[in-house]
Amino acid sequence: MKLASLKRGRDGALVVVSRDLSRAVEAAEVAPTLQAALDDWTAAAPALQALYERLNAGSAEGAFDLDMAALASPLPRAYQWADGSAYVNHVELVRKARGAEMPESFWEDPLMYQGGSDSFVGPRDPIIAGSEEWGIDFEAEMAVVTDDVPMGTTPEAAASHIKLLMLVNDVSLRNLIPGELAKGFGFFQSKPASAFSPVAVTPDELGDAWDGTRAHLPMVVHLNGELFGRPNTGVDMTFDFARLVSHVTKTREMEAGSIVGSGTISNYDRSQGSCCLAERRMLEKLDAGEPSTPFMSFGDRVRIEMFDAAGESIFGAIDQQVEEFRG
């Protein structure tokens, strides 16, 4: 099934969305918000599924045409947003571009940071930045949403806790990152609010393209209307989502509604393009000695989407334009 949140209050109003993304119906009879549904997923999921089936059959009372601009991110705020770096070839490339060796441990233990989860932006909301000098970049990723996950959950057990899938634009301010990392305490100002796809979907919506721990479909990214990249999310993913969830729970439990991201999608086959500007700039630097692609400017637009085998959009598109912060 496909779920979304209308922009209403801090946590949105839960709606069930049709498979073709054209129609929706409010789900207040089941749960007022997506977080409330996840808090009682065992009871809520069957009721939401029944409403989804009625909506697709054209028999859901109160159904309406869906306006993507009216949607917040599926979880407008979350108790946990932990972003990994599952595509280690991307990390290797970053370090190679600056002449740094990559520790072997990076292939064995996931990198992860805890992002700001108190205020996500909607999939059609602008990327707000105070200056183009900050090095504004998009990062196209996948993410999973879990139910309650106990501390010490193994990768084998973690897969069953994945309840929903989403796309992510995890915006990075590249020119602020070096100074922050030099302090030895991780990202903060360099990671503004992320945006998630218009809808979150249950894994079965991907059919055979979901193997239980990862998706096997291209992540399609357009920058200012031109194709920027379409690397496959299932290729070169060193750590699958079960491993990432297990990593989080080594020393703590995860609460229902926690989000775990994959990090920037990246394939060794560079002909498929990239999912962030930094990667393209790194490749240009390695090839020509310096990057030629600029970071984003005010007015630039990025579109992130994933399509099924029939060419239909699964999650809807993240479609954001960069705007200057006016105060």
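Reply: Gladly! Please keep in mind that this is a predicted model.

Me: What makes Glu279 count as buried?

Reply: Buried means under 20% relative accessible area. Glu279 has 0% relative accessibility, so Glu279 counts as buried.

Me: What does Arg280 touch, not counting residues up to four places away in sequence?

Reply: Arg280 touches Phe228, Ser274 and Thr293. Take Phe228: it is 52 residues from Arg280 along the chain, and their C-alpha atoms are separated by 9.4 Å. A polar atom of the Arg280 side chain lies 3.5 Å from the backbone oxygen of Phe228.

Me: How do you know that the span of α7 is close to what is expected?

Reply: α7 has 12 residues, and from its first C-alpha to its last it reaches 16 Å. At 1.5 Å a residue, the expected value is 16 Å as well. Just after the helix, Gly289 takes a positive phi of about 95°.

Me: What makes Glu279 and Arg270 a salt bridge?

Reply: The cut-off is a side-chain nitrogen of Lys or Arg within 4 Å of a carboxyl oxygen of Asp or Glu. For Glu279 and Arg270 the N to O distance is 3.7 Å, so the pair qualifies. Arg270 has a relative accessible area of 28%, which makes it partly exposed. As background, side chains of opposite charge can pair when their charged atoms come close.

Me: How many salt bridges does a search of the whole structure find?

Reply: The search finds 18. One of them joins Arg77 and Asp11, whose closest N and O atoms are 2.8 Å apart.

Me: Why can we say that Arg77 and Asp11 link distant parts of the chain?

Reply: Look at where they sit: Arg77 is in the loop between β5 and β6, Asp11 is in the loop between β1 and β2, and they are 66 residues apart. Arg77, with a relative accessible area of 33%, is partly exposed, and Asp11, at 26%, is partly exposed as well.

Me: Are Arg174 and Asp137 buried or exposed?

Reply: Arg174 is buried, because its relative accessible area of 18% is under 20%. Asp137 is buried too, with 0%. They form a salt bridge in which the closest N and O atoms are 2.8 Å apart. Arg174 lies in the loop between β12 and α5, and Asp137 lies in strand β9, so the pair ties together parts 37 residues apart in sequence. Both belong to a network of salt bridges that links Asp137, Glu139, Asp170, Arg174 and Lys191.

Me: Why is Arg214 called buried?

Reply: Its relative accessible area is 17%, and the limit is under 20%, so Arg214 is buried. This residue lies in the loop between β14 and β15, and its side chain reaches the backbone oxygen of Met237 at 2.9 Å.

Me: What makes β2 mostly covered?

Reply: Five of its five residues are buried. Ala13, Val15 and Val17 are on one side, Leu14 and Val16 are on the other, and both faces are covered. In a regular strand the side chains alternate between the two faces of the sheet.

Me: How do you know that β1 and β2 pair?

Reply: Pairing needs at least two bridges between the strands. β1 and β2 have five, in the antiparallel sense, so they pair. Lys2 stands opposite Val17 in β2. In this hairpin, with six residues between the strands, Gly9 takes a positive phi near 70°.

Me: Which strand do three bridges join to β2?

Reply: That is strand β3, residues 23–26, and the two run antiparallel. Glu26 in β3 is the bridge partner of Val15. The hairpin of β2 and β3 has five residues between the strands, and in it Leu21 takes a positive phi near 70°.

Technical notes
Residues numbered from 1 in each chain as written. Predicted model: local features only at pLDDT ≥ 70, side-chain atom pairs only at ≥ 80, totals over all residues. Heavy atoms only, no water. Contact = heavy atoms within 4.5 Å. Polar contact = N/O pair within 3.5 Å; in protein donor to acceptor, adjacent residues only side chain to side chain. Helix = DSSP H or I, 4+ residues; strand = E, 2+ residues; numbered from the N terminus. Expected span 1.5 Å × (residues − 1). Buried < 20%, exposed > 50% of the residue type's maximum accessible area, 1.4 Å probe, protein only.
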